[in-house]
Amino acid sequence: MNKSVIALVLTLGLGSLASVHAQQAPAAAPAINDAQIAHIAYTAGAIDVTAAKQALSKSHNKAVRQFAEEMARDHAAVNDQALALAKKLGVTPADNGTSQSLAKGAAAEQTKLAALSGAAYDKAYAENEVAFHKAVLAALDGTLIPSTQNAELKSLLETGSKLFHEHEMHAEHLAASLK
Amino acid sequence: MFRSTILAVGLLALGCSLAPAFAATPATAPAATQAKAVHVIVLDKMVFGPMPTGVRAGDIIEWVNHDIFEHSATARDGSFDIDLKPGATVRTTAKAGSFPFFCKFHPGMTGTLVAK
Ligand SMILES: [Cu+2]
């Protein structure tokens with residue numbers, strides 16, 4: 001469990017996430033509930049939609065734009081489903097340290113990307129998408145899915161995991177094509 | 001989803017007289033009086049469901065997307081490229097041969113359609 005968090009931290013380069021977890025989770029696995037898991041998954045999806053919108057406003061590369069459209073469409077679909085499920089289950093997604101670290105890291109990344117343009121932007125966006133999907137995938141498979149109690153939420157996260165895997169491969173192809 | 005299957009079957013039953021319209025496939029097309037078999041391929045949760053067996057050229061393939069995502073069924077040899085929006089049902093006519101296909105948005109999603 002710790003390993004996947006470390007992987008998340010290393011890949012994303014989120015020092016803040018590392019320190020949060022170092023303080024909060026010394027030895028035992030942190031207890032995480034479905035409301036928090038739902039919030040983390042939703043946050044991850046929302047981050048990628050925001051990044052995709054930025055890409056659509058900045059990039060003129062056809063392959064990059066197609067990728068961004070796919071990200072925005074797919075992650076919005078999962079998040080709509082997650083909200084509907086939370087409502088049905090009477091669960092209010094609960095903000096937590098992991099969600100906050102993800103959001104903080106993503107905001108920093110967005111600022112960095114905003115300063116770039118043209119081919120440099122396209123390349124940085126694609127590479128960040130690879131890292132982001134890898135990190136979230138590790139967290140989903142390593143921590144979030146195994147900790148999920150509700151069967152419907154687990155099933156949605158499992159679909160989400162397949163989706164993140166596909167997106168990661170797509171992002172890798174995209175990044176390689178931009179080299 | 002159940003309803004759409006019933007509707008589809010109903011339409012097919014009613015549509016015997018329409019059969020010639022589907023007989024786009026030459027030579028092997030069955031007699032117009034004979035109802036064509038419908039084979040359903042269901043997509044859900046980022047996977048193509050089981051492939052139909054016993055498909056004959058001229059049969060109807062019904063692609064049903066139960067997923068929340070847009071997918072495609074895109075033949076590797078380019079012989080078909082079907083866009084499948086969430087909730088969509090698309091019908092195509094089977095051609096003889098073995099057709100590996102994938103989803104162009106999520107290329108890890110694959111299948112092979114075989115018709116005799
Ligand atoms: Cu797909």
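Reader: How much space lies in the largest cavity?
Author: This is a predicted model, in which local features need pLDDT of at least 70, side-chain atom pairs count only at pLDDT 80 or more, and totals for linings use all residues. A cavity is a set of points on a 1 Å grid over the protein atoms alone where a 1.4 Å probe fits but cannot get out. The volume, the space filled by probe spheres set on the points, is for the largest cavity about 150 Å³.

Reader: Which residues are the closest to its centre?
Author: Lining residues have an atom within 4 Å of a point. The largest cavity has 16 of them, and the closest to its centre are A:Ala41, A:Val78, A:Asn79, A:Leu157 and A:Phe164.

Reader: How many residues of that lining are charged?
Author: Asp, Glu, Lys and Arg count as charged. The lining divides into 12 nonpolar and 4 polar residues, and the number charged is none.

Reader: Why does the span of α7(A) agree with expectation?
Author: Helices are DSSP runs (H or I, at least four residues), and residues are numbered from 1 along each chain as its sequence is written. The expected span is 1.5 Å times one less than the number of residues. For the 27 residues of α7(A) that gives 39 Å, and the end C-alpha atoms are apart by 39 Å.

Reader: Which residue caps the N-terminal end of α7(A)?
Author: A polar contact is a pair of N or O atoms within 3.5 Å. Here a side-chain oxygen lies 2.9 Å from the backbone nitrogen of A:Glu152, and the capping residue is A:Asn150.

Note on methods
Chains lettered and ligands numbered in written order. Heavy atoms only, no water. 1 Å grid on protein atoms, 1.4 Å probe; cavity = no way out; pocket = protein on both sides within 12 Å on 5 of 7 lines; lining within 4 Å. Helix = DSSP H or I, 4+ residues; strand = E, 2+ residues; numbered from the N terminus. Polar contact = N/O pair within 3.5 Å; in protein donor to acceptor, adjacent residues only side chain to side chain.
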